[in-house]
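This report describes one protein model for a reader who works with coordinates. Please look at the sequence and the structure first.

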Amino acid sequence: MKTITILIPAYNEEAVIDKMYEKLDSVCGGLSQHTFEFLFVNDGSTDRTLEQIKAFKKKDSRVQYVDLSRNFGKETAMLAGFDYAKGDALIIIDADLQQPPETFAEMIHWWEEGYDDVYAVRKEREGETWLKKWTSDMYYRVLQKVAKVKVYPQAGDFRLLDKKCVAALTQLREHERYTKGMYGWIGFKKKEISYIAEARAAGETKWKLSALMNLALNGITSYSTMPLRIWSIIGFIISMFAFVYLTIEIIRTMIFGTSVAGYPSLIAGILFLGGIQLISLGIIGEYLGRVFVETKERPVYFIQEYSEKELKKEMDVQ
Ligand code: UDP
Ligand code: MG
């Protein structure tokens, strides 16, 4: 019998995790064709999440957990899950019941048909403001234009991955992670299905605005150098204008003599160019900062504890 790992990253989810476990238990209990592993990754929760997971583990041998040494963020928590998953396939699901476990059956069906990456696209988004929807729409439109890989806008991390996709993803060990882009980058046979997203069952969203902004920037900077190139193009255009203007000014001075007027245009020109130079420096800085982080070659995360004592890896750190 094939084993399927359900990967649940959880950060301060004490309000929903019991419900989540019950739901997993009832849905997976009904799928008797496969055995399951429920792999919880505790991403440095400061509440009772870990104790709750340990309680599930006591009564249910399907439960495993990886406890990270601190909060590393969802993207890194998922990497830890990929490293420790033992199944022939892996399904990633949020701890907050926004994604219905009932979709598992359909995912598994397509996996058995030979697809390696069955990703679920959300049809409706309940409990989200129009501003969040609009900014996310715009973001994906820009990302699609500049990135070299295909990123499926409505497809999140809710998906089934064959173990070869998981093995591929564990080899992408960058710190500033944008997993959504990685799914497209690694390739393999993909199949789209859909689901209706629910509002969070309880608790609050764990993504702060700053974390979302960082993720959005990671998406663009990891898959495109377009933002760097744009400045060469703008610089070239401005230089062309400057050259034409200079030629006109020289000829005019030769014919009509000098005039000292032009203070406003001088200031406007200096401020405009100064602004553009700062923006372009900032963008170079964004890339440089990421190069800096990666060149340290630190492990992406550390673990405090893994539920199976003899560790899958030789070392207990990654
Ligand atoms: N999460 C995590 N580490 C974090 C933030 C979030 O493991 O630093 C988990 C969280 O517990 C949940 C999933 O990532 O299982 C999605 O988070 P959330 O529901 O808060 O995000 P949203 O659905 O609002 O995008
Ligand atoms: Mg959520």
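## Basis of the model

This is a predicted model, in which local features need pLDDT of at least 70 and side-chain atom pairs count only at pLDDT 80 or more, while totals for chains, interfaces and linings use all residues. Residues are numbered from 1 along each chain as its sequence is written, and chains are lettered from A and ligands numbered from 1 in the order in which they are written.

## Overall form

The protein has 10 helices and 8 strands. Helices (H or I, at least four residues) and strands (E, at least two) are DSSP runs, numbered from the N terminus. The C-alpha trace spans about 95 × 40 × 35 Å along its principal axes. The radius of gyration is 25 Å, whereas a compact globule of 318 residues would have one near 20 Å. That radius is taken over C-alpha atoms, and the globule rule is 2.2 Å times the number of residues to the power 0.38.

Of the 318 residues, 29% are buried. A residue is buried if 20 or more other C-beta atoms lie within 10 Å of its own, exposed if 12 or fewer, and partly exposed in between, with C-beta atoms placed from the backbone. Among contacts between residues at least 6 apart in sequence, 86% join residues at least 24 apart. Contact here means that the C-beta atoms of two residues, placed from the backbone, lie within 7 Å.

## Transmembrane regions and the helix pair

The unreviewed UniProt entry places the feature "transmembrane region" at residues 230-248 and 260-284. UniProt positions are given in the numbering used here, feature names are shortened, and annotations may be inferred rather than shown by experiment. Residues 230-248 are 100% helix and 0% strand, with the end C-alpha atoms 27 Å apart. For residues 260-284 the figures are 88% helix and 0% strand, and the end C-alpha atoms lie 37 Å apart.

How do helix 9 and helix 10 pack? Helix 9 (residues 226-256) and helix 10 (residues 263-295) pack at an angle of about 155°, with their axes 9 Å apart. Helix 9 is therefore roughly antiparallel to helix 10. Axes are lines fitted to C-alpha atoms, for helices over the stretch in contact, and angles run from 0 to 180 degrees between N-to-C directions. Angles under 35 degrees count as roughly parallel, over 145 as roughly antiparallel, 65 to 115 as roughly perpendicular and the rest as oblique. The crossing of helix 9 and helix 10 is left-handed, a term used if the near helix is turned anticlockwise from the far one by less than a right angle (right-handed if clockwise). In helix 9, Pro227, Leu228, Trp231 and Ile234 meet Ile276, Ser280, Ile283, Ile284 and Tyr287 of helix 10.

## Individual residues

Tyr21 lies in helix 1 (residues 17-29). Tyr21 counts as buried because 20 other C-beta atoms lie within 10 Å. Tyr21 and Glu174 are 153 residues apart in sequence and 31 Å apart in space, C-alpha to C-alpha.

Asp47 sits in the loop between strand 2 (35-42) and helix 2 (49-59) and is partly exposed, with 14 C-beta neighbours inside 10 Å. Leaving aside neighbours within four places in sequence, Asp47 is in contact with Asn12 and Glu14. Asn12 belongs to the loop between strand 1 (3-10) and helix 1. Asn12 has a positive phi of about 50° although it is not a glycine. Glu297, in the loop between helix 10 and strand 8 (303-306), also has a positive phi of about 50°. Glu297 is exposed, with 8 other C-beta atoms within 10 Å.
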